[in-house]
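Please read the following note alongside the sequence and the model. The numbered points begin with the ligand and then turn to the contact between the chains and to the sheet.

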Amino acid sequence: MGAAVIVKGLKKTFNLRHSHSMKETLVWLAKGRKGDLTKKFDALHDVSFEIQPGETVALLGFNGSGKSTLLKLISGVILPDQGTVRTKGRVAGLIEVGAGFHPDLSGRENVYLNAAILGMTEQEIQEKFDDIVAFSEIEQFIDTEVKFYSSGMFLRLAFAVAVHTQPDIFLVDEILAVGDEPFQRKCLAKIKQLSDEGRTLVVVSHDLDMISRICDRGVVLSSGTVQFEGPADQAVAWLRERN
Amino acid sequence: MSNSTDTYAVPGVGAGLLDVYRRRYLLKLIVRKELRVRYRGSVLGLAWSYVKPLVQYVVLFFALGIVLRVGDQIPNYALYMFSGVIVINFFSEAFSNATRSIVSNAALVKKIYLPRELFPVASVWVAAVHFLPQLIVLLAAALLSGWHPDIMQLFGALLGFVIVAVTATGLGLLAGAINVFFRDAENIVDMLMMIVTWTSPVLYDWTMIRRLAAPWVLTIYQLNPITVAVELFHWAFWYPTVNQPVELPPHLLVTGFIGLGMAALFLVIGQIVFRRLEGHFAQEV
Ligand SMILES: Nc1ncnc2c1ncn2[C@@H]1O[C@H](COP(=O)(O)OP(=O)(O)O)[C@@H](O)[C@H]1O
Ligand SMILES: [Mg+2]
C-alpha cells in the first residue's frame, strides 16, 4: 500500500500574455523568433511530496503562491511541464466555483452532467440524485438555470455532487469560504466523515484555526516552492510567524 | 471509469477517442446540453430543423428549375441537388461546430478534467441529429418521385454518411485543437466550407467536370471524401428515381471505400494533433 498522491519534481510554467492571433505569431517567426512571443512565468517549480491514503493535508500559502495550480495538476485539469503526478483511486475536486457546471442548464441537469464528468454512471446518479439535492438544501431552485444561482448556491450543489461520487481523493480549494456559516459547518462535518472513512483529503483554506483542527499535515507554498512541510499546527505556526 | 485503487493513474492523460466510447453516457449528456442550449427560448425548438430543409427544397425546386432551367440537363434535378445539399449541410455543420467546440466549452475545459475529445465528437452528433429531419424530407421527396432503391444503393448511402461523419470528426479534432491557440482557424474553416460547397458536384454533375478537366484532375477531384459521399447519395436517392439513361461516375463503391480510407486517415491525424496540443487547452483557452 503506497501513497495516494505522489508529486515529484513538479514544474508548471504559464504564459502571461496570451496571443491568439496567427498574424502576431507569423510576424514573430518572420523576425527570426526575436524575443519571447509570450512572457513566461513559473507558477510552481521543484515541488515534491507524497500524501498517504487517509491523510488530511492542508496546502497553505499566500495568494498567488501556487496552491490552486497544484490542485489543478493533481486533478488533471492542467499538465506539468516537468515532473510527474500520480494518483490512486477516484479523484474529485472542488477547485473553482461553478467548475463543471453549464450556466444555461438547470440545477437538475447540471447535477447529472457534473456527476457524469466525475465518473458516476447513469444508474449511480439516479440512485443518489435525491440525496445530492437534499444535501445541497436548494430543492426549491433545482429546476432554475444555474446562471441565476449565487456563488453560495453553486458551492452547495457542487459540494453535494462531489461528495456523493465517493472519491478516494477529495480536493477542496478556498471556495468553502463562499458558503454561509451553517453550510460551512455541514461541509466540515462531511469532510471529517470522509476522512474517518479513510479517504484522502487535500484542503486549501485561509482559516488557519480550522486547518489546525481538521488537518493532519500541512504543506506551505511560497512563490511556487515548498517552504515547509510538517504537522498541521506547526505549519500554521510557521506561516503565522512570517505574517 | 475504473475504481481500482491499487494502480496509479496519471491525472489529465486519457485514452483519446477510446475514452469517448467508454464514457458514452457523458457524451449523451453533452449532446443533449448542446441541443438544449441551442434551442433555449425558441418556441418551435427542434422543429426548426424540419422547417429549414423543407424551405431549402422548395427554393431549389423553383429557383433552379423554373428560373435557371437546370432540369433541362439533369432529370429530377431538385432531388439530385437536395441529396447532395444535405451531405454538405451535415459536413459543414459538423466540421465548423467541432472547430469551435473546445473554445465554446471553455467553462468546462478550464475548470475540470474530462476527455476533451468529447466536445468535437458531440458536435458531430448534434449535426447528425439535425441531419435526420433533412433525410426525412429527402426520403419523402424521393418516394414522391417513385424511388425504388436496391440494397447496394442503401448501403452506399450508409457508407456516404459514415465517410462524412468520420471526416468531420477527424478534421474537427484537428481544427478544434488549433483553434484554441489561433482563433483564425474558425475563419479558415468557414472559407474552406464555401470552397467545398462549390467544388462538390452538388449544383452540377460530374460529367461537366470531365468535359473541362484532364483525366488525372478528375481522379483527384473524385477522391475527395466529401465528393465521394455526395456521389453515393446521388446513387442511393436520385438515381433510382430516374427512368432515362444517365451516366454515373465509375466504380462508385471502390471510390467509396477509398473515401472511407481517407476519412480514417483524417481521423488518425486529427487524433494525433489533438493529443499533442490537449495538454495546454485548459490554460490557453
Ligand atoms: N492560466 C494561467 N495563466 C497564467 N497565469 C496563471 C494561470 N493560472 C494561474 N496563474 C498564475 O500562477 C500563480 C499561482 O496561482 P494560483 O495557483 O491560483 O495561486 P493561489 O491559489 O495559491 O492563490 C499566480 O501568479 C497566477 O497569476
Ligand atoms: Mg487559489
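1. An oxygen atom of ligand 1 is 3.0 Å from a polar backbone atom of A:Gly66. This is a polar contact, that is, a pair of N or O atoms within 3.5 Å; within protein, one atom must be able to donate a hydrogen and the other to accept it, and residues adjacent in sequence count only if both atoms are side-chain atoms. A backbone N or O atom of A:Ser65 lies 3.3 Å from an oxygen atom of the ligand. From the side chain of A:Ser68, an N or O atom is 2.7 Å from an oxygen atom of ligand 1.

2. The model is predicted: local features need pLDDT of at least 70, side-chain atom pairs count only at pLDDT 80 or more, and totals for chains, interfaces and linings use all residues. Residues are numbered from 1 along each chain as its sequence is written, chains are lettered from A and ligands numbered from 1 in the order in which they are written, and side-chain values use heavy atoms, with hydrogens and water left out.

3. Where does ligand 1 lie? Ligand 1 is placed between chains A and B. Around it are 14 residues, of which A:Gly64, A:Gly66, A:Lys67, A:Ser68 and A:Thr69 come nearest; a residue is counted here if one of its heavy atoms lies within 4 Å of the molecule.

4. The two chains also touch each other. Chain B brings 41 residues to the contact and chain A brings 49 residues, contact meaning heavy atoms within 4.5 Å. The area buried between them is about 3,800 Å², with carbon and sulfur atoms giving 59%; buried area is the accessible area (1.4 Å probe) that two parts lose on being put together, summed over both. On the side of chain B, B:Tyr8, B:Tyr25 and B:Lys111 lose the most area to chain A, together 18% of what that side buries.

5. How many salt bridges are counted between chain B and chain A? The count is 1 salt bridge, defined as a side-chain nitrogen of Lys or Arg within 4 Å of a carboxyl oxygen of Asp or Glu. The side chains of A:Glu109 and B:Arg36 meet in a salt bridge at 2.6 Å, N to O. Helix α2(B) gives the largest share of the side of chain B that touches chain A, 8 residues; helices (H or I, at least four residues) and strands (E, at least two) are DSSP runs, numbered from the N terminus.

6. An open sheet of 4 strands crosses from one chain to the other, in the order β2(A)-β1(A)-β4(A)-β1(B), with antiparallel pairing. β2 of chain A and β1 of chain B stand at the edges, each with a single partner strand, so one side of each is left without a neighbour in the sheet. Two strands pair if DSSP finds at least two bridges between them. β1(A) and β2(A) pair over 8 bridges, whereas β1(A) and β4(A) pair over 5 bridges. Strand β4 of chain A is joined to β1(B) by 2 bridges, and A:Thr87 stands opposite B:Ala9.

7. Within chain A, A:Lys11 forms a salt bridge with A:Asp42, the closest N and O atoms being 3.8 Å apart. A:Lys11 lies in β1 and A:Asp42 in β2 of chain A, so the pair ties together parts that are 31 residues apart in sequence. In β4(A), the bridge partner of A:Lys11 is A:Gln82.
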